[in-house]
Amino acid sequence: MTTNNLTRLTRKIIERGFPELRQIYVIANYKKSDYALEWGVLRQPIRYCIVVDSMFRKAPVSVVVGGLAHELGHILDCENYSLWVDYVRQFLISLSKTLYILNERKIDMKVIRRGFGHELADFFKWTYAEKPENPERGLNLSEIEELIANT
Ligand SMILES: [Zn+2]
């Protein structure tokens, strides 16, 4: 099986900022989607798939890196909890908008701490310009910029 560019980019991000995921098989693909990016567990042995909306094919690399780093933050959470605990956690998050938003913000902070703050800001700006109707759920741009300045 050949590895596509998006999966190679994901590997580079893992090497740069998510060393815990080095042994984890993560693939990424472009696909027409209602979501900017999504992640999911494929099958045993556990491996993950990140789906990136086709509109990002025309985005600058830094934008895609920001989005992928965010999804890797989710995957790292999933790895840190046992599969069963994470399943219950994800279920509770799906029931509560507040928990959902808190979780998204926590992921964004992790992405910034791991050195992808500029890419996250680029992702935010580009995605907002392309799809302003997308509800903002994680950190907003001024919060991202303030955290970058303070790290
Ligand atoms: Zn997220």
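Trainee: So which hand does the crossing of α1 and α2 have?
Mentor: The crossing of α1 and α2 is right-handed, that is, the near helix is turned clockwise from the far one by less than a right angle. Keep in mind that this is a predicted model, where local features need pLDDT of at least 70, side-chain atom pairs count only at pLDDT 80 or more, and totals for chains, interfaces and linings use all residues. Residues are numbered from 1 along each chain as its sequence is written.

Trainee: And at what angle do they pack?
Mentor: Helix α1, residues 5–17, packs with helix α2, residues 61–80, at about 65°, and their axes are 10 Å apart. Helices here are DSSP runs of H or I with at least four residues, and strands are runs of E with at least two. The axes are fitted to C-alpha atoms over the stretch in contact, with angles from 0 to 180 degrees between N-to-C directions.

Trainee: Which residues meet there?
Mentor: From α1 come L9, T10, I13, I14 and G17, which meet V64, V65, L68, A69 and L72 of α2. Contact means C-beta atoms, placed from the backbone, within 7 Å.

Trainee: What else is L72 in contact with, beyond its sequence neighbours?
Mentor: Leaving out neighbours within four places in sequence, L72 is in contact with I13, I14, F18 and L21.

Trainee: Switching topic, is V26 buried or exposed?
Mentor: V26, which sits in strand β1, counts as buried because it has 21 C-beta neighbours inside 10 Å, the cut-offs being 20 or more for buried, 12 or fewer for exposed and partly exposed in between.

Trainee: What does V26 touch?
Mentor: Not counting residues up to four places away in sequence, V26 touches T10, I14, L21, R47, Y48, I50 and I75.

Definitions and conventions:
Two residues are in contact if their C-beta atoms, placed from the backbone, lie within 7 Å.
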